[in-house]
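Please read it alongside the sequence and coordinates shown below.

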Amino acid sequence: MTIPDQLTLFGAGAEGATRRSSDRPAPTAQAASAACYVSVVVDIPARALSEPFTYAVSGDLVDGVKVGATVLVSFARRMAAGYVIACAGTPDGLAGAESLDPSSIKPVRAVLAEPAFSEQSVAVARWLSQTYVAPLSECLRLFLPPGHTPRVRRLEDGTYEVERASVQEVHQRVVALTEEGRAFVPPERAVRQRQLVEALACGPVTTSELNALYGGMSATVKALERRGVVTVEERRAWRGCDASTTLSSASGAAPAQLTAGQRRALSAIEHARGLGRGDVVVVDGVTGSGKTEVYLAAIERVLAEGKSACVLVPEISLTAQTVGRFRSRFGDAVAIFHSRLSAGERLDQWDMVHAGVARVVVGARSALFCPFRDLGLIVIDEEHEHTYKQGQSPRYHARELAAYMASLYGCPLVLGSATPSFESLARCAAGSFGGVSWTRVEMPERPAGATLPRIVIADLRREFARGSRSMFSKPLLDGLMRVVERREKAVLLHNRRGFAPFLMCRECGCVPTCDHCSTALTYHERTHTLECHTCGAVHPVRPYPAPGSACPRCGSRYLAKMGMGTQQIEDALRSLLPPDVAVIRMDADSTKAKGSHQRLLEEFDAAECAVLLGTQMIAKGLDFPEVTLVGVVMADYALKMPDFRASERAFALLEQVSGRAGRGERAGEVVIQTYLPDDPVIRAVAAHDRSLFVPADLAQRAELGYPPYVRLVNVVCRGKDRNVTERYVEALAEKIRAIASQEHRVAPAGASGLSAALAADSTERPQVLGPTTCVIERAKDRFRFHVMVKCPVGYDISRVLSRALSEVGARRDVSVSVDVDAYDLM
Ligand SMILES: Nc1ncnc2c1ncn2[C@@H]1O[C@H](COP(=O)(O)OP(=O)(O)OP(=O)(O)O)[C@@H](O)[C@H]1O
Ligand SMILES: [Zn+2]
């Protein structure tokens, strides 16, 4: 799977590509003798070029030109790479090309790469392009082998060059005993031969391994090969398969018996598989209830039928632990994808899937673009995670994409979480969405008698009133001391997410919130203002210790800026705990180097008594039975984010991190430090009962018009010139308003997923809000403005946006990003 090695040089093509309405007929010799015709999506990323163009394929190229191939074509007086998305014997066989005169159709110039994607992938790419308002070429590129995006460059002399793929495959030579070789007994004095035959007795070994083990074995191998004792075969080497770990919990032996919950979940998945429609099963299992085991068991059955499976896990939990569990169960059949792989490793893992060597893929969201054969199951673990939303174009959400793929392939989609997203909860409550059923299966218990941990809420207001200025409350301190005494382990979460700190009254716990939006106000240091990031309201403020600082609720002067990082806590822990207790800090700073993530976890695993301190990256997936204490240093960071999803996110984070405690035989305890002990989210976590906050939060979202009851689109325009950008965004907003008021478009059933039950509550027409400046007003010297659109769940807003964008037209000096179903509104 490579682009031809040699540099390919072409003279500048004078003719343009054949547009749909054939305006410039220019017959060529090749075109006249075309063996077939193809639809090609030209890889020039511009929205206007999203649709394919028709080209002719001459006889000598016809074998290489298939759906999924990358070809070189001339386009508008230049050369460009393009992707073949359809083939036909005559132009009539291609959508949109029926009226073309065959003699006017330009030829494909060369084949750059053999087919990488299937017709089903083309359907997925089209769906992505339409739903997320992204160029089709950009969506197709996601399906190419990693590192193999072709680049066509124009040189100074007017010729063109195709840059070759930077990543190449590697091969190794594998030595094996032949049938006769098994009976071969080397002579007494032939030491080398005896070593070789012994080494091969248990199976084939690579020449590099042999040389490393015994030093210079090549001559012996050659000699025995001549005598027919061994064979040497050149084989593709699969990089990225040798991640070994010392982690104790990374083995995946199947449990003797499944719990009742696990059996229920498994039979719901089997039922959905039998129906073959792409139904969705939400496995709503408390932390440590054995969700992974459900996935493993379901995958076993899929593999037994000769199909393949895709498992998405959040990037951060793609640890040796998770990977180990899958590899120890399915061995070589598992390919892994995460961002810490090298380019070569990524290519080889991709090729393992392409070659059919790996039939289970475990990876971050982009694993969905693997060249699967006969996909039989998609699993998304921790489906509520926000990392499943892609931050760059196409800004897809893996859950929505997977749901589309499931219906396309007719395989079930399994969404697992202890804290399912509100989107999934609402769809399960409605029973169906997008034309398929959404079923929730509860797994309320941990296996083997393990129980959920006891939760203690430490009220920091009271600690403050008692005169304590320490970052550890009495319950947390006592807990840590018990861990030290009993030589156990603790996990401490300190989540400093977001860029803007907030203000909080240290006496009453009040965090100033917006009168109109129910979101926390963000403190802007430079202007000394509190601002609402939803509606833009601004209030001047003087936080403590400035004179005149006053809490808006109780008048206390201790209206303080909240801000404390993990490093400060690490120092405090080290001076507090005896030196033989390992303190391991895991955050973005300490995990920069490749493998550091795994190394820190192995260190924690190996330690006799230890505290693992970290940001949200330690909250999920970790399965260490010796952890008996979990501490949350400051829950309020999560609670008071300026976002309508703040409560949902905070609950997920606190519930997940709590779930790290008491997973083994010893019971666990969780201490949550907060100034807001009465917040419904805190109460829900304390009781392990989400019904204490979810219904009220959902009701509020329905009333204020937020997802999951509406779709939310954020269109951001960026430019160096403030006025130009502002005028552009105003024109765009105006255009969206105008088109939206004409079009009452509801997506065709099943296309983007309409459920009558969910749409009923939403407003009838799209609401266009803004334009306003973004929360982050200026970034990298560019001014940022945005327009937000709220629309009913079934409304085809993407179409409106595409039309508005093409009617307003692109500007070189303003970049536009469209985020459909946006999560990040900053
Ligand atoms: N049926 C079972 N019997 C005994 N032990 C089990 C069973 N199923 C799972 N386990 C064990 O229970 C532990 C928790 O399982 P697992 O990690 O799959 O839970 P989870 O639901 O994915 O947890 P979390 O959401 O907290 O990551 C693991 O050590 C696993 O080996
Ligand atoms: Zn507001």
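The points that follow move from the whole chain to single residues.

The structure is a predicted model, in which local features need pLDDT of at least 70 and side-chain atom pairs count only at pLDDT 80 or more, while totals for chains, interfaces and linings use all residues. Residues are numbered from 1 along each chain as its sequence is written, and chains are lettered from A and ligands numbered from 1 in the order in which they are written.

**Overall architecture**

- The chain holds 23 helices and 34 strands, where helices (H or I, at least four residues) and strands (E, at least two) are DSSP runs numbered from the N terminus.
- Of its 826 residues, 50% count as buried; a residue is buried if 20 or more other C-beta atoms, placed from the backbone, lie within 10 Å of its own, exposed if 12 or fewer, and partly exposed in between.
- Among contacts with a separation of 6 or more, 75% come from residues 24 or more positions apart, a contact being a pair of residues whose C-beta atoms, placed from the backbone, lie within 7 Å.
- The assignment divides the chain into domain 1 (9-163), domain 2 (171-236), domain 3 (258-443), domain 4 (454-501 + 563-698) and domain 5 (709-820); such bounds come from an automatic or database domain assignment.
- Between domain 3 and domain 5, the C-alpha centres are 31 Å apart.

**Ligand site**

- Around ligand 1 there are 20 residues, of which Pro255, Thr287, Gly290, Lys291 and Thr292 come nearest; a residue counts as near if its C-beta atom, placed from the backbone, lies within 6 Å of the molecule.
- Ligand 1 lies between domain 3 (258-443) and domain 4 (454-501 + 563-698), because both give residues to its shell.
- Helix α8 (residues 291-304) supplies the largest share of that shell, 3 residues.
- By class, the shell has 5 nonpolar, 12 polar and 3 charged residues, with Ala, Val, Leu, Ile, Met, Phe, Trp, Tyr, Cys and Pro counted as nonpolar, Asp, Glu, Lys and Arg as charged, and the others, Gly among them, as polar.

**Helices**

- Helix α2 (residues 119-131) and helix α11 (residues 398-409) have axes that come within 11 Å and cross at roughly 145°; axes are lines fitted to C-alpha atoms, for helices over the stretch in contact, and angles run from 0 to 180 degrees between N-to-C directions.
- On the α2 side, Gln120, Ala123, Val124, Trp127 and Leu128 meet Leu401, Tyr404, Met405, Leu408 and Tyr409 of α11.
- This contact of α2 with α11 has 9 nonpolar, 1 polar and no charged residues.
- Helix α12 (residues 422-430) is mostly covered, with 7 of its 9 residues buried, including Glu423 and Arg427.

**Backbone exceptions**

- Most residues other than glycine have a negative phi, and most peptide bonds are trans.
- The bond from Ser393 to Pro394 is cis, with omega near -5°, and Pro394 is in the loop between β16 (375-381) and α11.
- Tyr544 and Pro545 are also joined by a cis peptide bond, with omega about 10°; Pro545 is in the loop between β25 (538-540) and β26 (559-561).
- Asp374, in the loop between β15 (360-363) and β16, has a positive phi near 50° and is partly exposed, with 13 other C-beta atoms within 10 Å.
- His688, in the loop between α19 (680-686) and α20 (694-704), has a positive phi near 50° and counts as partly exposed, with 18 C-beta neighbours inside 10 Å.

Terms used. Contact = placed C-beta atoms within 7 Å.
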